[in-house]
Amino acid sequence: MKITYLGHSTFLLETAKAKILFDPFISPNSLAQEIRTSSLDKDWASMLDVEQIECDYVLLSHGHEDHVADAEAILKRTGATVVSNFEIASWFGAKGIEKYHPMNIGGSWDFDFGRVKYVTAVHTSSMPDGSYGGNPGGFVLQVDGKTIYYAGDTALTYDMKLLGEEFNIDVALLPIGDNFTMGPKDAVRAAEFISCNNIIGMHYDTFGYIKIDHDQTQSLFSDNGKTLTLMEIGETKEL
Ligand code: NI
Ligand code: MN
């Protein structure tokens, strides 16, 4: 299984049976577009182009623009299935997306690629047009023998301890940028709550409010016995 970082909180997970795209915010992300235009000779550059990226599923944690901006275009072109909370999935359904799978907090479903649980996030959620976006969430995926936690935008919450009790999480994608979500200190505690030492950071550096010091943040994790990986945009990692 492979994961590619596409900037901000956008990842493409390639499993044995499906390509799963999380929270696509690619075309409005100037960091991602700078890297795309300077790397056009690289085969991964097409993943930073919303007119070329391929996927079978689009998982959306909540309705904010910086998580759904490219979803409609990608869903319409690829025919992928959108998976999110009831309100967000229905919002895309009303836009003519035929394949949508509504979930809600605490619910799990067996998809063809593996099992997905939609879990608590402490944040807000509204759609780009201002309509109600339901409650924000995160996802726990059990796929190809691994358990992956994609936290979405969230504060540190004691509910994360439930995930640590229920699952053996192999890798967790946690927001670390502070201001809109938990910052590095709380993300270290989140890693403790979910009993996972292998963390990939997200939701940092994209805007002025969420710029972080990479070395300092990684030291904070390593001082607490955890590994924080900060992937380059376009970088692929084997999970
Ligand atoms: Ni948000
Ligand atoms: Mn966000």
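Good morning. The model is a predicted one, in which local features need pLDDT of at least 70 and side-chain atom pairs count only at pLDDT 80 or more, while totals for chains, interfaces and linings use all residues. Residues are numbered from 1 along each chain as its sequence is written, chains are lettered from A and ligands numbered from 1 in the order in which they are written, and side-chain values use heavy atoms, with hydrogens and water left out.

I begin with the metal site. Which protein atoms are the donors of the nickel ion (ligand 1)? They are His-62 (NE2), His-64 (ND1), His-123 (NE2) and Asp-153 (OD), lying 2.2 to 2.3 Å from the ion. A donor here is an N, O or S atom within 2.8 Å of the metal (3.2 Å for Na, K and Ca); water is not among the atoms, so sites may look incomplete. Along the chain, the donors of the nickel ion follow the spacing H-x1-H-x58-H-x29-D. His-123 lies in the loop between E8 and strand E9 (137–143), and Asp-153 in the loop between strand E10 (146–150) and H5, so this pair ties together parts that are 30 residues apart in sequence. Helices (H or I, at least four residues) and strands (E, at least two) are DSSP runs, numbered from the N terminus.

The four donor atoms subtend angles of 87 to 176° around the nickel ion, which makes the arrangement irregular. By definition, four donors are tetrahedral if all angles lie between 85 and 135 degrees; four count as square planar and six as octahedral if opposite donors are over 155 degrees apart and all others between 65 and 115; anything else is irregular.

Asp-153 also bridges the nickel ion (ligand 1) and the manganese ion (ligand 2), which lie 3.1 Å apart. Is Asp-153 buried or exposed? Asp-153 is buried, with a relative accessible area of 2%, whereas His-123, at 22%, counts as partly exposed. Buried means under 20% relative accessible area, exposed over 50%, and partly exposed in between (1.4 Å probe, protein chains only).

I turn now to the salt bridges. The whole structure holds six of them, each being a side-chain nitrogen of Lys or Arg within 4 Å of a carboxyl oxygen of Asp or Glu. One of them joins Glu-166 to Lys-117 at 2.8 Å, N to O. Glu-166 lies in helix H5 (residues 160–166) and Lys-117 in strand E8 (residues 115–120), so the pair ties together parts that are 49 residues apart in sequence. Lys-117 is buried at 16%, while Glu-166 is partly exposed at 46%.

Another salt bridge links Arg-77 and Glu-54, whose closest N and O atoms are 3.5 Å apart. Arg-77 belongs to helix H3 (residues 71–78) and Glu-54 to the loop between helix H1 (30–37) and strand E4 (57–59), so parts 23 residues apart in sequence are tied together.

Glu-72 and Lys-95 also meet in a salt bridge, at 3.5 Å from N to O. Together with Lys-76, these two residues are linked in a network of salt bridges.

Finally, the largest pocket. Its lining comprises 14 residues, and Tyr-5, Tyr-204, Asp-205, Met-231 and Ile-233 lie nearest its centre. On a 1 Å grid over the protein atoms alone, a pocket is an open set of points where a 1.4 Å probe fits, with protein on both sides within 12 Å along at least five of seven lines; lining residues have an atom within 4 Å of a point. Thank you.
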